[in-house]
Amino acid sequence: MQIPKKLLPSDGRFGSGPSKVPHQAMEALATSSVIGTSHRQAPVRALVGSVREQIRALYSLPDDYEVVLGVGGSTAFFDAATFGLIRERSQHLAFGEFGAKFARAAERAPFLGDPTVVTSEPGTHPDAHPEAGIDVYAWAHNETSTGVTAPVRRVEGGDDGALVIIDGTSAAAGIPLDITQCDVYFFAPQKALASDAGIWFAVMSPAALARVEEIAASSRWIPAFFDLAAAVDNSRKDQTYNTPPLASLVWTDLQLRTIHENGGLAWSVARCEDSSSRLYGWAEQSSYATPFVADPGKQSPTVVTIDLEGVHASAVTAALRENGIVDIDGYRGLGRNQLRIATFPAIEPDDVTLLTQCLDYVVEHLDD
Ligand SMILES: *Cc1c(COP(=O)(O)O)cnc(C)c1O
C-alpha cells in the first residue's frame with residue numbers, strides 16, 4: 001500500500017525509545033570535535049558540564065540539588081539505586097514494565113528486606129501509601145509501556161527521611177515537574193530527550209546525596225559500576241566513572257539547547273501536550289480507535305496508547321512501516337490490539353496530525 005506523499009509526515013519515527021533524533025542533530029555529530037576523543041580531557045568534560053548545567057536550568061534546581069550521571073541507562077540505575085539508595089525496605093508502584101523491573105531489582109537484593117509492590121490494572125496507576133519501615137518510595141513519572149502518567153509528590157505520613165525516587169525516563173522535558181517533590185529524578189536520554197542510550201542522569205536532593213554517602217560508608221558490598229558515591233564524585237568533576245557514550249552526550253546537549261532556546265520546560269511541555277492532544281482528540285472522534293488510558297488525568301502527554309477495534313493493529317503498523325512510519329506497535333508485554341505513539345518534544349506536532357491522516361488512509365484501504 002502506498003500512502004499519498006502529501007499525507008506523509010516529515011519524519012516517520014514515532015517510536016517510544018530509541019526515539020527520533022532530529023536530522024540536524026545527526027548532521028551535527030559528523031562535525032563534532034568531541035567524538036573519538038578522551039573523556040578525561042577538557043572538551044568532553046565541558047560537554048558533560050554543559051549537559052549538567054542545562055538539566056539544572058530545565059528544572060530550576062535548588063542550589064543544593066545536584067545532577068549526577070553514569071553509564072548504563074535507566075536499567076543500570078535501578079540496580080545502582082538498589083545498591084546505593086535503599087537502606088532497608090522500599091515501596092514500589094508497579095503499573096507497567098519499568099516500575100515492575102525496578103521492584104524486581106529490589107526484591108532480588110539479598111541485603112534488603114522484601115519491598116512492598118503496589119500494582120494496579122494496566123492503563124491506571126496506584127498511589128503510594130505511607131508505611132512504617134519504608135525508606136524509599138519509587139515509581140515512574142510516565143510508564144512508557146502503558147502510556148500512563150502519575151503525579152510526582154511527597155508521601156505524607158511516611159517515616160522521616162524516606163526518599164521519593166522517580167523514574168523520569170520517558171517524562172523528562174515532556175511533563176511538568178516540581179523537582180522539590182522528589183529526592184531523585186532519573187532518566188536515560190533516548191526517550192524524551194532525542195538522544196541515544198547508554199547513560200543515566202539523576203537529579204539528587206541533599207537527602208538523597210546524604211543517603212548515598214551513608215550507605216557507601218556502611219559495610220554493604222557495592223560493585224564499582226553501580227557505586228553511586230563514585231558517580232557523585234565523578235559527576236562533580238564533569239566526568240563519569242567509566243567511558244560514556246559520547247554521541248548520547250552530544251545529542252542530549254543539543255536537545256536541551258533547543259529546548260532552552262525556545263523557552264525551556266514550559267515550551268517543551270506545551271509541545272508534548274499539543275502533539276498528544278491531537279492524537280487523543282483524533283482517537284475520540286474515530287470509529288475504530290479509543291484512548292487506552294480512560295482517565296484523561298492519567299493520559300500521558302509523551303507516550304500515547306490507543307486501542308483499535310475492528311482492525312488489526314499489526315496490519316496497520318505493517319502498512320505504515322512500508323511507508324517509512326515506524327515503531328508505533330503497542331508494547332508487546334501488554335498484549336493488546338494497540339498503537340503506542342511517542343509525542344516527545346522532538347516530534348513535530350504537525351507530523352502527528354499527518355500521522356492521524358495516514359492511519360485513517362491505511363485503515364480505509366486495508367481491504368483493497
Ligand atoms: C526505557 C525505560 C527504561 C529503561 O531504560 P534503559 O536506558 O533502556 O535501561 C526505564 N524506565 C522507563 C520509564 C523507560 O521508559
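These are my notes on what I looked up.

**Ground rules**

I worked from a predicted model, in which local features need pLDDT of at least 70 and side-chain atom pairs count only at pLDDT 80 or more, while totals for chains, interfaces and linings use all residues. Residues are numbered from 1 along each chain as its sequence is written, and side-chain values use heavy atoms, with hydrogens and water left out.

**Entry 1: helix α8**

I took helices (H or I, at least four residues) and strands (E, at least two) as DSSP runs, numbered from the N terminus. I began with helix α8, which covers residues 265–285. I checked its length against the expected span, which is 1.5 Å times one less than the number of residues. For the 21 residues of α8 this gives 30 Å, and the end C-alpha atoms are 30 Å apart, so the two agree.

Next I asked which residues of α8 are buried. I counted a residue as buried under 20% relative accessible area, exposed over 50%, and partly exposed in between (1.4 Å probe, protein chains only). The buried residues of α8 are L265, S268, V269, R271, C272, S275, S276, L279, Y280, W282 and A283. They cover an arc of only 165° around the axis, which puts them on the same side of α8. The arc is that of the directions from the helix axis to the C-beta atoms. On the other side of α8, I found A266, E284 and Q285 exposed.

I then looked up what the buried residues of α8 pack against, with contact meaning heavy atoms within 4.5 Å. Their helix partners include α2 (42–58), α7 (246–262) and α10 (349–365). Their strand partners include β10 (289–291), β11 (303–308) and β12 (338–342).

**Entry 2: strand β7**

I turned to strand β7 (residues 163–167) and asked how many of its residues are buried. I got 5 of the 5, so β7 is largely enclosed by the rest of the structure. Both faces are covered: L163, I165 and D167 are buried on one side, and V164 and I166 on the other.

For its neighbours, I took two strands as paired if DSSP finds at least two bridges between them. Strand β4 (residues 136–140) runs parallel to β7 and is joined to it by 5 bridges. One of the partners I noted is A140, which is bridged to D167 in β7. Strand β8 (residues 184–187) also runs parallel to β7, with 3 bridges between them. There, I165 stands opposite V184 of β8.

**Entry 3: salt bridges**

Side chains of opposite charge can pair when their charged atoms come close. I counted a salt bridge when a side-chain nitrogen of Lys or Arg is within 4 Å of a carboxyl oxygen of Asp or Glu. The search of the whole structure gave 17 salt bridges. I wrote down three of them in detail.

- R13 and D11 meet at 2.8 Å, N to O. R13 is partly exposed at 25% relative accessible area, whereas D11 is buried at 8%.
- E97 and K101 meet at 3.8 Å, N to O. Both lie in helix α4 (residues 97–108), 4 residues apart, about one turn of the helix. E97 is partly exposed at 26%, and K101 is partly exposed at 31%.
- D274 and R278 have their closest N and O atoms 2.9 Å apart. They are 4 residues apart in helix α8, so about one helical turn separates them. D274 is partly exposed at 30%, as is R278 at 26%.

I also noted that D274, R278 and D350 are linked in a network of salt bridges.

**Entry 4: aromatic pairs**

I paired rings of Phe, Tyr and Trp (its six-membered ring) if their centres lie within 6.5 Å; planes under 30 degrees apart count as stacked, over 60 as edge-to-face and the rest as tilted. The structure holds 13 aromatic pairs.

F77 and W200 form an edge-to-face pair, 4.8 Å centre to centre with 65° between the planes. F77 is in helix α3 (residues 73–84) and W200 in strand β9 (residues 199–204), so the pair links distant parts of the chain, 123 residues apart. F77 is buried at 0% relative accessible area, and W200 is buried at 4%.

F102 and F186 form another edge-to-face pair, at 6.2 Å centre to centre and 85° between the planes. F102 lies in helix α4 and F186 in strand β8, so this pair ties together parts that are 84 residues apart in sequence. Both F102 and F186 are buried.

Last, I asked which residues form one aromatic cluster. They are F77, F78, F102, F186 and W200.
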